[in-house]
Amino acid sequence: MSVCLFNSPPTLSLPTPSKRTLTCILDANNNWAKKTLLGGAITGALSINLLLSSPSLLALESPSPSLLQSQSEEYLCRQEETQQDFKVENEAPQVVTNEGIVEEAWEIVNDSFLDSGRSRWTPQTWQQKKEDILSGSIQSRAKAHEIIRRMLASLGDPYTRFLSPAEFSKMGRYDISGIGINLREIPDENGEVKLKVLGLLLDGPAYSAGVRQGDELLSVNGEDVKGKSAFEVSSLLQGPNETFVIIKVKHGNCGPIQSMEVQRQLVARTPVFYRLEQIDSSTASVGYIRLREFNALARKDLVIAMKRLQDRGASYFILDLRDNLGGLVQAGIEIAKLFLNEGQTVIDTVGKDSQYQNTIVADSAPLVKAPVIVLVNNKTASASEIVASALHDNCRAVLVGERTFGKGLIQSVYELHDGSGVVVTVGKYVTPNHMDINGNGIEPDYKTFPGWSDVKKHLSECNINRQG
C-alpha cells in the first residue's frame with residue numbers, strides 16, 4: 001500500500017505510520033517475498049524489528065546477557081523465516097474481497113482521520129456505519145467502490161474522498177523519488193535513523209526491481225545515505241527520465257543486502273519558470289520565479305533557478321504563487337527553508353497521529369538573503385500558503401495581491417489492495433505566528449505592487465518588531 005502526504009485538493013507527499021506488519025521471507029525460488037500479518041487496521045507496512053548480533057560479538061569467549069539475547073533473537077529471526085517459508089509454499093494467494101476493500105478504507109479513516117471541526121464524524125457513528133455496511137454481502141467491486149464513496153462523503157469533509165484505480169495512477173507526478181518509493185526515517189534501538197521503504201507503488205520501477213515495503217535503503221549510486229533525511233535521499237534518487245540509478249537495500253531486518261539497478265520513470269514536469277528583469281531607472285535586477293505546483297521536481301528546479309538568477313546579478317526576488325493550489329507538503333516545507341535563517345519556524349503541524357504534532361524549523365542558512373515579494377491570489381492554497389506564511393511571518397517577504405484561499409489541512413493518499421485509493425484528512429497546520437488559516441486565508445501586505453524601497457522598509461520594521 002502506498003502512502004503519500006499532500007495538502008491540496010488533488011495532491012500528495014510523505015508516508016504515514018503503519019498498522020500492517022510485513023515479515024520478510026524467502027520463497028521456494030530464494031526470492032524475497034512477504035507474508036502479511038493482519039492485526040487491526042491495514043494502512044501501511046512495517047518490517048518486524050529484530051536485533052542481530054555482529055560477528056565480532058560472536059567471537060567473545062564469555063558472552064554477556066545482551067549477547068545471548070542477540071543470539072537468541074537471531075535464531076528466532078532465522079526460525080521465523082523457515083516457518084514462514086513453509087507457509088508461503090503451502091498457502092494460496094490472498095484474494096481481496098469486496099467486503100475487504102470496504103473494510104480497509106473504513107480502517108484507514110478510523111485510524112487516521114482528523115476531524116477539523118466542520119465534519120460530522122464521531123467514533124460511535126463511524127463504528128455503527130461499519131456494522132451497517134458489512135451486515136450484508138457486496139456483490140461487485142463497482143458496488144464496493146460506490147459504498148466507499150458514500151461512506152467518505154458522510155464525513156462531511158470535502159477533501160476526504162475515494163480515488164478509482166485510474167485516478168490513483170495519475171498521482172505518479174507526486175512520486176518524489178522517481179522510482180516509485182516513499183521513504184520514512186525510522187529510529188533504531190540505538191537512536192540512529194534508518195531510511196525504510198514505507199510506501200511503494202506496486203507497478204513502479206523499484207517494485208519491479210525487487211524492492212519491498214519494509215526494506216532499508218543503504219546507499220544511492222555508491223553514496224552512503226546514513227544520517228541523511230528522507231527528502232534529501234529522495235532528491236538523490238531523482239534524475240532524467242529513463243536513466244538508471246543504483247541502489248543498495250537491506251531486505252527487512254533479517255534479509256540480505258542487495259544492489260540493484262532501477263530505471264527512473266518520472267511523470268512530473270518542471271513547475272518552475274524564471275527570468276531576469278531590469279528595474280526601471282535602476283541598475284538593479286529582479287529574479288522572477290513562477291512556481292505552478294509543488295510536485296516532485298519543485299525544490300530541485302527552484303534551487304537551479306535561484307542560483308542562476310543570483311549568478312546573473314539578481315538583487316531582489318519575486319516568487320509568484322498565484323493560482324498555485326499546492327501539492328507535496330514536504331516540497332513546500334523544503335522550499336520555505338531555502339529563504340529562512342537556521343532555527344526559524346516554517347510551520348506547526350497537529351494531527352491525530354503523533355507524527356503530525358511537530359514544529360518544523362529551518363536547519364541551514366538561507367540560499368538567498370535578498371528581499372522577496374510573494375505574489376498571491378484567491379487560488380494560492382495549501383502548500384503555497386505554507387511557503388507564503390513562513391516567509392511573511394519570519395520577515396523574509398511581503399505578500400502582494402489578494403487574500404489566499406485558506407486551506408490549512410493536510411491529506412494522505414492511501415492505495416487500497418485493488419489499486420484504488422482514498423484521500424483522508426490527517427492533519428492541519430498553523431503559521432509561525434500561530435494563525436489558523438483554514439477557512440480564513442492570509443491577508444496580503446499590499447494590494448498593488450509596491451516599490452522596492454517600501455519592501456525593504458517593511459521588512460526592516462518587521463524584524464525590529466519581532467526582536468522587540
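Me: What should I know about the numbering and the model?
Reply: Residues are numbered from 1 along each chain as its sequence is written, and side-chain values use heavy atoms, with hydrogens and water left out. This is a predicted model, in which local features need pLDDT of at least 70 and side-chain atom pairs count only at pLDDT 80 or more, while totals for chains, interfaces and linings use all residues.

Me: Why is Ser 382 called buried?
Reply: Buried means under 20% relative accessible area, exposed over 50%, and partly exposed in between (1.4 Å probe, protein chains only); Ser 382 has a relative accessible area of 0%, so it is buried.

Me: What makes the phi of Ser 382 and of His 434 worth a remark?
Reply: Phi of Ser 382 is near 50° and phi of His 434 is near 65°, each a positive value in a residue other than glycine. Most residues other than glycine have a negative phi.

Me: How do you know that strands E10 and E11 pair?
Reply: Strands (E, at least two residues) and helices (H or I, at least four) are DSSP runs, numbered from the N terminus. Two strands pair if DSSP finds at least two bridges between them; E10 (residues 244–250) and E11 (residues 257–263) have seven bridges, in the antiparallel sense, and therefore pair.
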